[in-house]
Each structure stands twice: as structure tokens, then as C-alpha cells.
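Here's a quick briefing on how two protein chains meet. Have the structure open while you read.

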Amino acid sequence: MEWETVIGLEIHAQLLTKSKIFSGASTAFGAEPNTQACAVDLGFPGILPVLNKEVVHMAIKFGLGVGAEIAAKSVFARKNYFYPDLPKGYQISQYELPIVGKGHLDVQLEDGTMKRINITRAHLEEDAGKSLHEDFHGLSGIDLNRAGTPLLEIVSEPDMRSAKEAVAYLKSIHSLVRYLEICDGNMQEGSFRCDANVSVRRKGDSKYGTRTELKNINSFRYVEKAINYEIERQIALIESGGKVTQETRLFDPAKNETRPMRSKEEANDYRYFPDPDLLPVAVTEEMIKTIRDELPELPHQKRQRFMEQYGLSAYDADVLVSSRALAAYFETVVEESGASAKLATNWIMGDLSAALNKENLEITESPVTTAQLAKLLQRIEDDTISGKIAKTVFEALWNKEGDVDHIIEKHGLKQVTDSSAIEKLVEKIIADNPEQVTDYRSGKDKLFGYFVGQAMKASGGKINPQQLNELLKKKLSA
Amino acid sequence: MSLTAADVKKIAHLARLNMSDTDVEVYSKQLSSILEFVEQMNKADTTGIEPLAHSIEIAAPMRDDQVSETNQRAAFQAIAPQVEAGLYLVPKVIEGE
């Protein structure tokens, strides 16, 4: 039996404002419990919410970034449910009239092809507080600092057909919100979270299967794992004659499985209605125009430009534009060095990225500056050092040993380009290895690499490889 | 439209209100009469009229994104029933109770 997976994502992006969506309390992360929860956030009697202008601007920015219709008029509604970390007894959200309507995002898949994922809507809402269930003498502790933090909930159509596609889409949204500077994208701190709706159906069926909603997936890796586990679970269940129940399931990363959340009774009876405390939000053409004019170059535009301007492959371009800072680093290095874009790409995506990953650093925290890397590339291109030696210089740069020329000088890494010196070395190697020379001359071509290795070893890798190859060939065939 | 006792019990449960059967009967009547009163509006012909999101026809005023609130935790927690380590303590809510 062939199965098809259907996935839709609901992404919650915490908006990067200084104050909350409806109050003047701070949104800074990590404060002492309840020190950033004011009377509005606590739901005191008589309080009135006042909308934060920046929140509306950020939602419009996002809408323009995904080519969506921006509603001229959108309405806040109350979503009613009972939970202690929601002091008002309702969450202010948007229901029938969200601020961002239908849009789409073109996502690059692993094989390099593009896939369009449609976005149903994006709406504004406030976050709830946090419940701490550790033992407080049989009670729960409530921290309301997060209550009232602005969220943009981005709802996709069920357009994804595999866990990998879902991750690719999630990464594209992640990169977009960071380009737009509307969300810091920090998944560990929960400022970028995702729920996945997953179902399976027999290939060719037009009706969707029953879906489950996966929660608590706070990294890209977990999204893939949770969805794949859920797909297998659902298929096994149906194939053994069972039925999928529509329910919410939690992903447990420690056990790599999903399990049903104990269902809140009548949980979906939210009794939405327009919030009488808030007037409709009006967005004018003028506001949209001002924001559109201020939009930065977006990831997909930058990707296209990098491919055209620098001749990069789709894959390389995609990696480099994944963050605005990384793309800027790349462009600065190319500009300052005058080196080929390919060389810069290889170094940034290779040695630099590996070193950053190893120490868990962001590109903005790189110990190697753009000016230093640019100088290194120049020294490779002008043959002062070989590509191999450059790795040694890079390591020294990383360890803050000073600038490139200083390091080359200090460690005596300058490439030997003096032909007579290379010739002497080649002659010595030929003299020292009579057996290999005889074998080579009788047709064992592969031994050429052996001689190159010997020469590199003897010189500490400092010989210009092209010159060495030429001289070796000449001398060996003599 | 009138509300049955079951409707009222369901609403009370959603709001976590404890209600005696006598109360349920009283509230069924009172809530039903409110609904009936409001229902008169259904008689008005609203064809071609755009739904109103609010009775005041102006747009939401917005404020600048500035932190204007200071930490008043001590004052708020002075009137809370129980606090510990800066947290408000509440009875445990077990889902699916």
C-alpha cells in the first residue's frame, strides 16, 4: 500500500517589540517571575487593552513578505478557555477577520527544486503565562511575565507531503521573520514555535485522513523526528485495522515518540466573539506603502541575485542567504578581497562554518573578521600561500594570533615559488626513491601522487602545487 | 431561543463554575430571557448591510511601542491568596479532570 502524508504547520512567532501587545509592560526575556506582569496582563477588573502600533507594523511586514492581502480592517476576538496562566479567562486573538490573508512562500527543497507552500492566514494574538507544575506543596506556580507578549500565528495550507518539506518550509519562515527583524527566531527560548497537523491517506485519495496535532516541538530536528514518528504510527495503526483519532499529541524528544495529551474536555469550545474592549484595526494604503518601501531584500530575492551575480549554485545560495548576517559576511568578503565568489563560498561554508558550529557561535560572533578572511583569500589567489597552508593560517586567525601577513611571516608559511629551490627538492626526492622512480617510469602512473606527497612533506606543504606538478612531470619523464 | 439545563451546566463547566441544580434552573430561565430579548434583533432586515465589529465606528487607537509599566509585583502579590518565589500559587489543574 502506498501512503501519502499531508502536513500543515501552525507557527507562532513572538514579535520583537519592547512592550506587550496590549500593555506597556516589558517583554524582555529572563526577568524574575511576575516582575513584568502589570494590571492589564494580570486581568485586573476594569483594565482596558491598548494596541501596540509596532505589532501591527510587524504583521504587515510579514504579510508583504509572503505576498499576502493585508486586511484594511481586522478584528480582535476573545478565545475563551479556562487555565490558570490565562488570568482573564480568554486569550485576545483574531478569528474571522485576521490582519494577514492568503499568501504563499516558495521553498527550496533538498533536491534543489522549488515548491510553493500556500499560507492560509496570519493573525495577531497575545501569549499566555507559564505554569510551573513542580511541587509547590501540591499547588502550581504561575509566572505571568509572558502573558500579553505579542505573537503572530502563521497558518499554512496542508501543502507539505513529507517531514523534510515541512522542515524546509519552517526554515524558510524562520529565515524570513529574521530578515524582516520581526522575531529573533530563538526556538530554545520559545520565541519561534511550531505545531504540526499530520495525517496520512492512500495515494490517489482525494479526501484527507484524520489528523493529529503535534505540539511541543522546539527544534528543526524534532519537527522532522516527531512528524516521521507520527506518520509511521498512523500508517501502522490503519494497516492493522485501527482508526486515527483526532487528538493533540505531545512529542517526547527523550523517547523519540508522540503520545496523546490528556484531552481537555470540550477543549475546542472556545466560544469566540469580537472583543468589545477593542475597536477594529484599520490599515491604510499609505501605511502599507510606507512599510513596503522599507522592506529589506528578502531571502528569495537575495538567493536569486546571488545565483545571478556570483554564479553560485542553488544550494550554495540557499545556505548563504539563510541568515541576513551570513549573506552580508559573504558579500563583504567578496568585495574586500576581490577573490572569486566560489573561493569565498567554499571558505565560508567550509572551514568557517565548521569552526563556528563546533563552538556553537553565530556568524556575528565569528573571531575571524571579514577583513581577515578577505586578506587570507587574497593571499591564496596571489600564490603567497597554498590552499592547504591557508587552513593553518585560518586556524591561527581563529585563535586570534593577529593578521594574515603577520601569521604567514611568523610561522614561515610563505609558499615556495622559486623554481630553482623546487627543482632541487624534486631532484633530491627522485634520487632518494630509485625504486618508485623505476616503477613509475614503467607505467605505474598512480605513483605520481606519492612523489607529490613526499615533496609536500619535505617542504611542510609550502611548495606551489602547480609548479611542483610541472617540475615533477618534467623530471620524471626525463 | 431558550437554554436547557444541560446547556447551562456545560457553560458553567467551561467557566469552572460550581452550580447547584436549583441554581441551574434559575439561570436557565434568566439566560433564556436575555437571549429572547436580544432575539428581537433578528427581525431586522440586514440584507446588504456590512456587519459591524463594534458599536463605535472608529478605528482602534494605537500606542507607541514603549515600556511604560514599572515592576509592581510586591503590590499585586500583597493581595494574592498565596505566593512563593515570586510566583502566584494556584490549585493544580489536571487536564481531563
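What follows is a rundown of the interface between chain A and chain B.

Keep in mind that this is a predicted model. In it, 57 residues of chain A are in contact with 42 residues of chain B. Together the two chains bury about 4300 Å², with 60% of that on carbon and sulfur atoms.

**Who gets covered up**

- On the chain A side, Phe82(A), Leu139(A) and Leu279(A) lose the most area to chain B, and together they make up 15% of what that side buries.

**Polar and charged links**

- If you're counting residue pairs in polar contact between chain A and chain B, with both residues at pLDDT 80 or more, you get 20.
- There are also 3 salt bridges between the two chains.
- Lys53(A) and Asp64(B) bring their side chains together in a salt bridge, at 3.1 Å from N to O.

**Which parts of chain A take part**

- The chain A elements giving two or more residues to the side that touches chain B are α1 (39-42), β2 (51-52), α2 (53-65), β8 (130-136), β9 (139-143) and β16 (281-282).

**Strands pairing across the chains**

- β2(A) is joined by 2 bridges to strand β1 (residues 62-63) of chain B, and the two run parallel.
- Within that pairing, Asn52(A) has Arg63(B) of β1(B) as its bridge partner.

Notes
Residues are numbered from 1 along each chain as its sequence is written. Chains are lettered from A and ligands numbered from 1 in the order in which they are written. This is a predicted model: local features need pLDDT of at least 70, side-chain atom pairs count only at pLDDT 80 or more; totals for chains, interfaces and linings use all residues. Side-chain values use heavy atoms; hydrogens and water are left out. Contact means heavy atoms within 4.5 Å. Buried area is the accessible area (1.4 Å probe) that two parts lose on being put together, summed over both. A salt bridge is a side-chain nitrogen of Lys or Arg within 4 Å of a carboxyl oxygen of Asp or Glu. A polar contact is a pair of N or O atoms within 3.5 Å; within protein, one must be able to donate a hydrogen and the other to accept it, and residues adjacent in sequence count only if both atoms are side-chain atoms. Helices (H or I, at least four residues) and strands (E, at least two) are DSSP runs, numbered from the N terminus. Two strands pair if DSSP finds at least two bridges between them.
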